[in-house]
Amino acid sequence: MSFLDKLFKRGARSAEPSKRTDAGQTTPATKIPEHYLPLLDLQNQRQLLEVKITGSSRVYQSMILAIDAERGLLWLDDVFPQQLLLDTGDEITLRHHRNGEQLVIRAPVVAMGSTYDASGFAVTLPEFVYYMPRRSSPRYIIGHQSSLSVKIRTLGQEPSYGTLQDISTGGLRLIVAGNMLPHLRHGALLPMCEVDISDELQIRCRARICAFRIGRSPYRHTQISVEFIDLEEETGAKLARFLRDSQLRHGELYAPQSISTHAA
């Protein structure tokens, strides 16, 4: 039996040894280090986690089967919808949202259950696990009075033009007249995202869709939140200076809200 075979069978068994207390609650058979308690809570509550495979724009879901702190492994259930892309060596990103915070884990896949007649797969257990605010930088809120135009293009479609609503160093939100929902998908790549903030600051990059919803005021429109993917370092620095200067001039234009990463 190979080393990984032993590990996987051990991990598959460790997904089941939880036992019931008199109160009917599940407790782990082995003690989990305190810094992994957020993962244990997600496992006991059978919470769904968002799963993204590096290099793919699709979003999947999974649940934690077991936490093997001794061997540094996190065992996850098969992702769904079912897919055939995931393999040993791939990197995935796990996310869970809670009260305006998010837990993010990026880790390589080290074993696939299908290789050992088991379900699920194993990734490297991170050294630290904690929730953090979903937005690491403030956003500059402009609102419906904005005169700044944003140009985006979804895959296979002609460019669309919208109005900038708010922007941060990590992304922006715009509104496009009409209903664009048939052309939008959570996590999808936008090959084009362009906006001219000023003569000295023009954004030209790809982006990823984080959220979208229909709005009806002041007119029927689609609100779209996107994350910058390959914004040039120099442009990012100029944008950061713009936001800082704007804060000094118009402190009230900043807001601590996060752009939701779920479609409404």
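Here are some notes on this predicted model, point by point.

1. Start with the overall make-up. The protein chain has 264 residues, of which 42% count as buried. Its secondary structure comes to 3 helices and 18 strands. As for how the chain folds back on itself, residues 24 or more positions apart account for 57% of the contacts with a separation of 6 or more.

2. Mean pLDDT for the protein chain is 80, and 76% of the residues reach 70 or more. Confidence is highest in strand 12 (residues 149-153), at a mean of 96, and lowest in strand 1 (residues 19-20), at 38.

3. Two stretches call for caution. Over residues 11-29, pLDDT stays under 50, and the model has 18 contacts beyond four places in sequence for them. Residues 251-264 also stay under 50, with 38 such contacts.

4. Now the inside. The largest nonpolar core has 27 residues, and Leu39, Leu74, Leu76, Ile92 and Phe121 touch the most other members. The elements giving two or more residues to this core are helix 2, strand 3 (49-53), strand 5 (64-68), strand 6 (73-76), strand 7, strand 8 and strand 9 (121-124). Strand 8 gives the most, with 5 residues. As background, nonpolar side chains tend to be buried together in soluble globular proteins.

5. Leu39 is a handy place to start looking. Leaving aside residues up to four places away in sequence, Leu39 touches Ile64, Ile67, Leu74, Ile105, Leu125 and Val129. There is also a second, separate core of 26 residues, which includes Ile197, Leu201, Ile203 and Phe212.

6. Which residues line the largest cavity? They are Leu39, Leu42, Leu49, Ile64, Leu94, Arg95, His96, Leu103 and Ile105. Helix 2 (37-44), strand 7 (91-98) and strand 8 (101-112) each give two or more residues to this lining, and strand 7 has the largest share, with 3. By type, the lining divides into 7 nonpolar residues, 1 polar and 1 charged.

7. What is the volume of that cavity? It comes to about 40 Å³, and the structure holds 1 cavity of 30 Å³ or more. Leu39 turns up again here: it is in the cavity lining and among the core residues that touch the most other members.

How values were computed
Residues are numbered from 1 along each chain as its sequence is written. Side-chain values use heavy atoms; hydrogens and water are left out. On a 1 Å grid over the protein atoms alone, a cavity is a set of points where a 1.4 Å probe fits but cannot get out, and a pocket is an open set with protein on both sides within 12 Å along at least five of seven lines; lining residues have an atom within 4 Å of a point. Grid points are joined across faces, edges and corners, and a volume is the space filled by probe spheres set on the points. Helices (H or I, at least four residues) and strands (E, at least two) are DSSP runs, numbered from the N terminus. Ala, Val, Leu, Ile, Met, Phe, Trp, Tyr, Cys and Pro count as nonpolar, Asp, Glu, Lys and Arg as charged, and the others, Gly among them, as polar. pLDDT is the predictor's confidence in each residue, from 0 to 100. Contact means heavy atoms within 4.5 Å. A nonpolar core is a set of buried Ala, Val, Leu, Ile, Met, Phe, Trp, Tyr and Cys residues joined through side-chain atoms within 4.5 Å. Buried means under 20% relative accessible area, exposed over 50%, partly exposed in between (1.4 Å probe, protein chains only).
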